[in-house]
Amino acid sequence: MQDKKTIVLGVIGSDCHAVGNKILDHALTEAGFNVVNIGVMSPQEDFINAAIETNAQVIMVSSLYGHGEIDCRGMKDKCLEAGLDDVLLYVGGNIVVGKQEWKDVRYRFNLMGFDRIYPPGTSVERAVEDLRADLFKEHKAAV
Amino acid sequence: MDAFLFIDFGSTFTKLTLVDQENYKIIATEKSYTTVQSNVYEGYEKALSNIYKKTEMDFNITKKLACSSAAGGLKIIAIGLVPELTAESAKRAALGAGAKVIKTYSFQLNDSEMKEIKNSNANIVLLAGGTDGGNSKTIIHNARLIAKHNLKIPVVVGGNKSCIDDIKEIFGDDIDYYITQNVMPKLNTINIDPAREVIRKIFMDNITQVSGMEKVEKNISQVVMPTPAAVLKAAELLSEGTEKEKGLGDLIVVDIGGATTDVHSAAKGYPTKSSVVLKGLKEPFMKRTVEGDLGLRYSAKSLYEGSGGFLLDKYLEKTDYNLSKEINLRHNNVDIVPNNQRDRYFDEAVAKVCVDLSMERHSGKIESQYTPNGMMFYQEGKDLQNISYILGTGGVLVNSENPKDVLEVGLYKEENSMSLKPRNPKFLLDKEYILSAMGLLSMIDGDQALRILKEHIVEI
């Protein structure tokens with residue numbers, strides 16, 4: 001059996017929405033991942049430091065209060081600087097202000113270096129499916 | 001009469017405490033200059049013979065236990081991965097073991113850093129890095145470097161458990177190493193007790209390195225721990241109590257010395273306000289911080305030249321002192337004892353600076369942040385606002401006419417409302433220097449040690 005894959009999970013910036021964070025923690029753990037939850041109101045550095053110490057494969061950022069785009073800026077660069085070249089960056093929630101064309105939003109976050117970007121209302125199952133595809137080659141081949 | 005003898009080999013004084021074994025009463029306390037230069041045994045014998053003279057009693061010493069901070073005490077170098085995480089945890093484990101942390105290193109070390117470690121006067125290296133199952137590259141790299149440089153001092157390994165087998169192989173028979181539990185097994189969860197215990201054992205076995213200690217050790221049942229660890233044990237006992245007797249609850253011990261000011265807090269330090277989010281490492285119930293730049297003698301200069309100069313002016317009020325002369329005098333003559341009002345007053349002002357800054361650094365901080373849900377707060381460190389007692393120890397407080405004045409400067413201040421210092425505690429004084437002795441006695445009988453502490457620690 002392979003070792004469990006580690007995900008650093010948290011809510012970025014000055015955002016204190018704790019409920020979704022707890023649900024994700026529970027669901028991802030249930031799905032067989034080792035979840036390192038750094039909780040709400042977390043700066044970029046906390047995600048990165050946690051990923052270094054725990055040797056995480058994925059950093060999963062939540063943001064619900066609309067400022068996600070500002071809070072996530074420069075995060076990929078900091079990961080590269082910290083030697084986390086291979087760590088995948090996921091982001092989801094209400095990550096931008098107001099209702100915007102999702103295609104554009106996704107593109108902007110792609111440019112910022114995020115690997116998976118989820119709009120409001122995404123199910124946890126979808127993220128779990130993507131995690132499995134990204135982290136286990138065999139799984140990817142099967143789907 | 002049967003009695004226990006407790007000895008505290010300090011950098012300046014060797015202090016003896018004699019305790020009646022049947023009634024658990026303190027028979028006598030005595031101190032004499034520590035004689036590290038020649039032979040530690042001399043100072044000890046002198047103090048002992050004084051006790052015999054003083055008491056004029058015949059007693060049979062059944063057990064001797066000692067703690068020591070002579071020759072600079074136990075010196076540790078802490079190595080971790082991320083400065084705020086495993087490196088900080090390693091540092092806290094070393095401080096909790098009563099050590100002086102001479103330097104903390106992070107990330108993968110290089111050759112010159114390892115040379116620096118090799119050439120340092122550290123007694124122990126504490127090697128951490130990675131949570132359990134987490135990063136293994138860094139700690140293995142650092143272990144290889146230690147092996148390559150053939151480090152001669154004991155290495156305590158308290159890092160990622162998944163790397164232990166590799167590290168054992170790397171160290172082989174060349175390195176004197178001790179494996180213990182990870183100081184940070186999970187992110188932000190600190191686990192310092194196992195490492196602390198291993199460090200204490202190594203300290204016991206290696207204490208003979210201090211000149212004269214070998215002879216003392218043969219004569220004394222055991223030098224069981226560094227002095228700060230004994231003080232920490234006494235603070236813990238006084239706060240938590242035993243199964244039979246209740247302790248005093250949350251408390252802080254402030255120990256003002258010549259070279260350092262130590263603050264020990266026995267408190268969980270959870271937020272006292274609502275809408276507070278805790279950040280950073282979880283705090284241990286027993287937390288010790290050591291300020292190497294704050295002290296009355298050896299560190300008087302760093303205090304004056306560094307962060308304390310301005311404060312010293314403030315606390316002196318009287319300005320007819322030649323500050324740099326007074327400071328140099330104390331820095332250059334570490335064993336002078338003030339014998340007039342004027343010198344005592346100056347010492348007390350320096351002590352106030354020590355208390356002010358050490359309490360500020362020990363206490364947690366709060367930061368406010370506006371969020372769409374209103375004002376929220378981040379708390380880092382311990383919230384000590386509701387603590388019940390501050391206990392002072394050290395010569396300057398014992399000899400002071402108003403030790404409460406000195407300790408009071410460590411309280412919460414309106415102008416610095418983000419610092420979570422105590423607001424309304426009662427003040428206690430270790431008038432007879434018994435804290436370390438009672439920390440030692442607690443290893444034999446916790447209930448009696450607690451009783452003696454309650455009897456001899458006075459409210460001021």
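I began with the domain 1–domain 3 boundary: 19 residues of domain 1 of chain B are in contact (heavy atoms within 4.5 Å) with 17 residues of domain 3 of chain B. This is a predicted model, in which local features need pLDDT of at least 70 and side-chain atom pairs count only at pLDDT 80 or more, while totals for chains, interfaces and linings use all residues; side-chain values use heavy atoms, with hydrogens and water left out. Residues are numbered from 1 along each chain as its sequence is written, and chains are lettered from A and ligands numbered from 1 in the order in which they are written.

I looked up the bounds, which come from an automatic or database domain assignment: domain 1 (2-70), domain 2 (73-205) and domain 3 (232-459) of chain B. The C-alpha centres of domain 1 and domain 3 of chain B are 27 Å apart. Between these two, about 1400 Å² is buried (accessible area, 1.4 Å probe, that two parts lose on being put together, summed over both). Carbon and sulfur atoms give 71% of that area.

Next I checked Ser436(B), which lies in helix 15 (residues 435-441) of chain B (helices are DSSP runs of H or I, at least four residues, and strands runs of E, at least two, numbered from the N terminus). Ser436(B) has 7% relative accessibility and therefore counts as buried (under 20% relative accessible area, with exposed over 50% and partly exposed in between; 1.4 Å probe, protein chains only). Beyond its neighbours within four places in sequence, I find Ser436(B) in contact with Asp8(B), Cys67(B), Thr227(B), Ala230(B) and Val231(B).

I then turned to the largest nonpolar core, which has 41 residues (buried Ala, Val, Leu, Ile, Met, Phe, Trp, Tyr and Cys joined through side-chain atoms within 4.5 Å). Leu5(B), Phe9(B), Leu16(B), Tyr44(B), Ile76(B) and Ile199(B) have the most contacts inside this core. Elements of chain B giving two or more residues include strand 1 (2-9), helix 1 (40-55) and helix 6 (193-206). Helix 1 of chain B gives the most, six residues. Domain 1 (2-70) and domain 2 (73-205) of chain B both contribute, so the core lies between them.

Last, I recorded chain totals. Chain B has 16 helices and 19 strands, and 56% of its 460 residues are buried. The C-alpha trace of chain B spans about 65 × 60 × 50 Å along its principal axes.
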